[in-house]
Amino acid sequence: MSRVLHLIRHGMPAPDPQKPSHEWELAPGALAGLPDLIATLHPHPGVVVSSEEPKAAATAQALAQALSVPCHRMLGLHEQLRYTVPFYAQPGELQAQIGRFFAHSAEVVFGEESADLARERFTAALRAVMTTHPQGCVAVVTHGTVRSLYVAQANNLEAPTLWQQQTLLDVLSVEWPSGKLSKRS
């Protein structure tokens, strides 16, 4: 039987040049669009799960509270490992590096994890989430790159294109376990 998995991208982070991106918090007002996001979630999830990263965990906590459902964190749902990636003041610099990441998916060319390894790790974490939480619908608050890698592979799409089309605090709803897109907001 197919279940629904809402893959939600976290709210706007507050970039801090002194910290790696996986430590960034949410920016003030980052969740102003949460009511609009909730209106697109059909069916409503019975649980919200997030990565351990502060921006995803805070987004998930607010979403779960608004829906009156439990909220949990799970390892493996984090963004592609980028511990040594410098802060890019110009968005074009980051986009170029992400482009290399997608173009050389089997190689570690940006950060400490290849696109292929990030996708495999993220997919395994999603399997763990869905095994642990048997609800018919689960929301996972995660990150743009790993979400794009997973959805693109399951739907025969181009990951870089999907990544570029994303916005913060949006949702890609897929059928579980196939990963096929059922709705895109």
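Two residues are in contact when heavy atoms of theirs lie within 4.5 Å. Keep that in mind for these exercises on a predicted model.

**Exercise 1. Find where S50 sits, decide whether it is buried or exposed, and list its contacts beyond its neighbours within four places in sequence.**

Solution. Start with the secondary structure: S50 belongs to strand β2, which covers residues 47-50. Next, look at the accessibility. The relative accessible area of S50 is 1%, so S50 is buried. Last, leave aside the neighbours within four places in sequence and collect the contacts: A56, A57, A60, H72, R73, M74, L77 and V141. One of these, L77, comes back in the next exercise.

**Exercise 2. Work out which residues touch the most other members of the largest nonpolar core, and which elements supply the core.**

Solution. The core has 32 residues, and those touching the most other members are L5, L7, L77, L126 and V140. Now go through the elements. At least two residues of this core come from each of β1 (3-9), β2, α3 (91-103), α4 (115-132), β4 (137-142), α5, α6 (159-165) and β5 (171-176). The largest share is that of α4, with seven residues.

Then take a closer look at L77. Apart from neighbours within four places in sequence, L77 is in contact with V49, S50, S51, R121, F122, A125, L126, V129, V140, T142, H143 and V146. Finally, there is another core apart from the largest one; it has 17 residues, including I8, I38, A64 and V69.

**Exercise 3. Describe helix α5: how many residues does it have, how far does it reach, and how many of its residues are buried?**

Solution. Helix α5 runs over residues 144-155, which makes twelve residues. From its first C-alpha to its last it reaches 16 Å, close to the 16 Å expected at 1.5 Å a residue. The buried ones are G144, T145, V146, R147, S148, L149, Y150, V151, A152, A154 and N155. Just past the helix, N156 has a positive phi of about 55 degrees.

**Exercise 4. Explain why C71 and C137 form no disulfide, and compare their accessibility.**

Solution. Begin with the whole structure, where a search finds zero disulfides. C71 takes part in none, and its nearest cysteine sulfur is that of C137, 14 Å away. A disulfide needs the two sulfur atoms within 2.5 Å, so a distance of 14 Å is too far for a bond. As for accessibility, C71 counts as partly exposed because its value is 25%, whereas C137, at 4%, is buried.

**Exercise 5. Give the volume of the largest pocket, and find which residues and helices line it.**

Solution. The volume is about 900 Å³. The lining consists of 37 residues, of which P13, S21, W24, R82 and L94 are the closest to the centre of the pocket. Turning to the helices, α3 and α5 each supply at least two lining residues. The most comes from α3, which gives three residues.

Terms used
Residues are numbered from 1 along each chain as its sequence is written. This is a predicted model: local features need pLDDT of at least 70, side-chain atom pairs count only at pLDDT 80 or more; totals for chains, interfaces and linings use all residues. Side-chain values use heavy atoms; hydrogens and water are left out. Buried means under 20% relative accessible area, exposed over 50%, partly exposed in between (1.4 Å probe, protein chains only). The expected span of a helix is 1.5 Å times one less than its number of residues. A nonpolar core is a set of buried Ala, Val, Leu, Ile, Met, Phe, Trp, Tyr and Cys residues joined through side-chain atoms within 4.5 Å. On a 1 Å grid over the protein atoms alone, a cavity is a set of points where a 1.4 Å probe fits but cannot get out, and a pocket is an open set with protein on both sides within 12 Å along at least five of seven lines; lining residues have an atom within 4 Å of a point. Grid points are joined across faces, edges and corners, and a volume is the space filled by probe spheres set on the points.
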